[in-house]
Amino acid sequence: MSMTMRDYSEKRDFHRMQVNSAIEITDGEGRSFSGICRDLSGTGMQLYVEGYIPEGATLHTLLPSTSDQFPPFETEVRVLRTEPEGDGHLLGVTIEKVRH
């Protein structure tokens, strides 16, 4: 059993990149605010925000371009978990749609 869990965990973390860059977030009511994208994987992101965003919320995110090789990354995400951290919250989100 523990072997299977470890295998799953290694697979899940395999393509995760530490990013730590500013990200623009817009909520369902059209309010925009900034956050920090801590890490990014093929299926989700970890975001730090100052406010509280409930689990289940849908957000629009825009990760600005850092270089010519990486165009801006624009997505629609759903919040899977919200955990208090420091003065804000750490969000685990799943990417539902990538805008091209």
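Let's start with Asp-27, which is buried, at a relative accessible area of 15%; buried here is under 20% relative accessible area, exposed is over 50%, and partly exposed lies in between, with a 1.4 Å probe and protein chains only. Asp-27 sits in the loop between strand 1 and strand 2. Its side chain reaches the backbone nitrogen of Glu-29 at 2.9 Å. Leaving out residues up to four places away in sequence, Asp-27 touches Phe-33, Thr-58 and Leu-59, a contact being heavy atoms within 4.5 Å.

A quick word on where this comes from. It's a predicted model, so to speak of local features we need pLDDT of at least 70, and side-chain atom pairs count only at pLDDT 80 or more, while totals for chains, interfaces and linings use all residues. Numbering starts from 1 along each chain as its sequence is written, and side-chain values use heavy atoms, with hydrogens and water left out.

Okay, the fold. The six strands make a closed barrel, running 1-2-3-6-5-4 with antiparallel pairing; two strands pair if DSSP finds at least two bridges between them. On average, neighbouring strands of this sheet are turned by 45° against each other, direction ignored. For that angle, axes are lines fitted to C-alpha atoms, for helices over the stretch in contact, and angles run from 0 to 180 degrees between N-to-C directions.

Now let's walk through some of the pairings. Strand 1, residues 17–26, is joined to strand 4, residues 58–63, by three bridges, antiparallel. There, Thr-26 stands opposite His-60. Strand 4 in turn runs antiparallel to strand 5, with six bridges, and Thr-58 has Arg-78 as its bridge partner in strand 5. Strands 5 and 6 pair antiparallel over 11 bridges, and they form a hairpin with two residues between them, where Gly-86 in the turn has a positive phi of about 55°.

What about the inside? The largest nonpolar core has 16 residues, and Met-45, Leu-47 and Leu-91 have the most contacts inside it. A nonpolar core, by the way, is a set of buried Ala, Val, Leu, Ile, Met, Phe, Trp, Tyr and Cys residues joined through side-chain atoms within 4.5 Å. Strands 1 to 6 are the elements that give two or more residues to this core. Beyond four places in sequence, Met-45 touches a list of residues including Ile-23, Cys-37, Leu-91 and Thr-75.

And Thr-75 deserves a stop. It's in strand 5, residues 73–85. Buried or exposed, Thr-75? Buried, at a relative accessible area of 0%. The side chains of Thr-75 and Thr-61 make a polar contact of 2.4 Å; that's a pair of N or O atoms within 3.5 Å, and within protein one must be able to donate a hydrogen and the other to accept it, with residues adjacent in sequence counting only if both atoms are side-chain atoms.

Last, the whole chain. Buried residues make up 32% of the 100 residues. Of the contacts with a separation of 6 or more, 42% are between residues 24 or more positions apart.

Methods:
Helix = DSSP H or I, 4+ residues; strand = E, 2+ residues; numbered from the N terminus.
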